[in-house]
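Biologist: I would like to learn how to read ring pairs, sheets and helices from a set of coordinates. Could we go through one case together?

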Amino acid sequence: MKKLNLLLLGLIITVSLTAQTHRGTLIAKVDQMLESALEKEHVYNAFLSIYSPSKDFEWHVAKGAFKDGRKVTTEHPYYTASIGKTFTASGIGILADQGKLQFDDPIAKYLSDEIMSGLHVLIGTDYGDSIRISHLLQHTSGLPDYFDEQTTDGSPGIFDLIMTKPDQFWQPATLIAFSKAHFRPSFPPGQGYFYTDTEYVLLGMIIENISALELHEFFAKNIFVPLAMHHTYLNLRSEALQPTGKIAEIYADDFEISQLRSLSADWAGGAIVSTGKDLIIFMEALMDGEIVSNETLQAMQQWIPETQGMTYGYGLRKINFAELSPGLPDWEVIGHSGLNGTSMYYCPDLDIYLAGTLNQLSSSKEAVALALEVLMEFREL
């Protein structure tokens, strides 16, 4: 019996060492992927976090440096851009679970007459009263995108103003007024899909009006504190719960923009600053029904076509890799990505959570490709 026990112990140790060696090899391969990403033009830092509860695996890594030469680390948070839409949509879901709103409610019920006046006028018809909360969540309202569209009158758009007026601080009401003045709706509510940050500013305003809290206070009370997300905050509007490192630098080509006050133009649609570890805490809690009820989570996953291989729910994006391109694995990921190469996704097929960024505005497509490469490597974790 003693010999048998020794043999079993030896076998367990051998299997454990083999598994550790295998994981070490995978980590080395993915580590090299990030090194290669840093060699691309205008990519100065890169972050990646991977977690699998069923495989008992967690890994966080940061690469690159600040302009002053200091190395970035996993203790430095990064700008998550449109990942913030998942937080805002979750906030709406929390209010729905509290019985304070319903997804099909007209937004006019929660917004002032000043905000609603002229909000959605198309070919002489005012569709403002037809816009539902669900339309805003799913980008089906027909409202324009103040953030990433060309103005109808040829005046500078928000992104141009972020660069040319770096000290300007944008308030939500000013952003809506800007949208009304310089853009036009695309279609009547519910009759198409058009991705727009304007909708998420309105959702942030709804959260504030119902909760009587500022958006960053609502996030802290209902998400950051309960989940112990100690290093997450709303850029330029709040601070992290605990002392947190300097935000990693964001680049628009070779221009560093992370310290611009004008980034306040990105609010409920994408101003969350966080770490990979905190993002995975959030995403796992959302998928496990800890932030919103399972019923609300199912409602948030009513998918409509966005583009090839991608569908959109309520502040959630789903990517099917096989539909993106023939020959890719038939895997799906659920979460969100951002303009500066940020990703926060869960892959149910592999039970892997993934979060990271390349912190470069021209790298959003490369970030999705990198996420797939990472999943391919870790598929046999």
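This is a predicted model: local features need pLDDT of at least 70, side-chain atom pairs count only at pLDDT 80 or more; totals for chains, interfaces and linings use all residues.

Biologist: Are Phe87 and Phe224 buried or exposed, and which residues form an aromatic cluster with them?

Modeller: Both Phe87 and Phe224 are buried, and together with Phe219 and Phe282 they make up one aromatic cluster.

Biologist: Why is the pair of Trp170 and Phe178 called edge-to-face?

Modeller: The planes of Trp170 and Phe178 stand at 85°, with the ring centres 5.8 Å apart, and therefore the pair is edge-to-face, given that an angle over 60 degrees counts as such. Trp170 and Phe178 are both buried.

Biologist: Which charged residues lie over the face of a ring?

Modeller: Arg70 lies over the face of Phe66, at 4.9 Å from the ring centre, and Lys85 lies over the face of Tyr200, at 5.8 Å from the ring centre.

Biologist: What is the strand order of the open sheet, and which strands are at its edges?

Modeller: The open sheet has 8 strands in the order 2-1-15-14-13-12-11-10, with antiparallel pairing. Its edge strands, strand 2 (57-64) and strand 10 (304-307), each pair on one side only. Ignoring direction, neighbouring strands of this sheet are turned by 20° against each other on average. Within the sheet order, strand 11 (residues 310-312) pairs with strand 12 (residues 317-320) in the antiparallel sense over 3 bridges, and Met310 stands opposite Ile319 in strand 12.

Biologist: Which strands does helix 9 lie across, and how many of its residues are buried?

Modeller: A general point comes before the case: with 3.6 residues a turn in an α-helix, residues three or four places apart point the same way. Helix 9 (residues 276-287) lies across strands 1, 2, 13, 14 and 15, and runs at about 140° to strand 15. Of the 12 residues in helix 9, 9 are buried, among them Leu279, Phe282, Met283 and Leu286. Helix 9 is followed by Gly289, which has a positive phi near 75°.

Notes
Residues are numbered from 1 along each chain as its sequence is written. Side-chain values use heavy atoms; hydrogens and water are left out. Buried means under 20% relative accessible area, exposed over 50%, partly exposed in between (1.4 Å probe, protein chains only). Rings of Phe, Tyr and Trp (its six-membered ring) pair if their centres lie within 6.5 Å; planes under 30 degrees apart count as stacked, over 60 as edge-to-face and the rest as tilted. A charge sits over a ring if NZ of Lys or CZ of Arg is within 6 Å of the ring centre and within 35 degrees of the ring normal. Two strands pair if DSSP finds at least two bridges between them. Helices (H or I, at least four residues) and strands (E, at least two) are DSSP runs, numbered from the N terminus. Axes are lines fitted to C-alpha atoms, for helices over the stretch in contact, and angles run from 0 to 180 degrees between N-to-C directions. Contact means heavy atoms within 4.5 Å.
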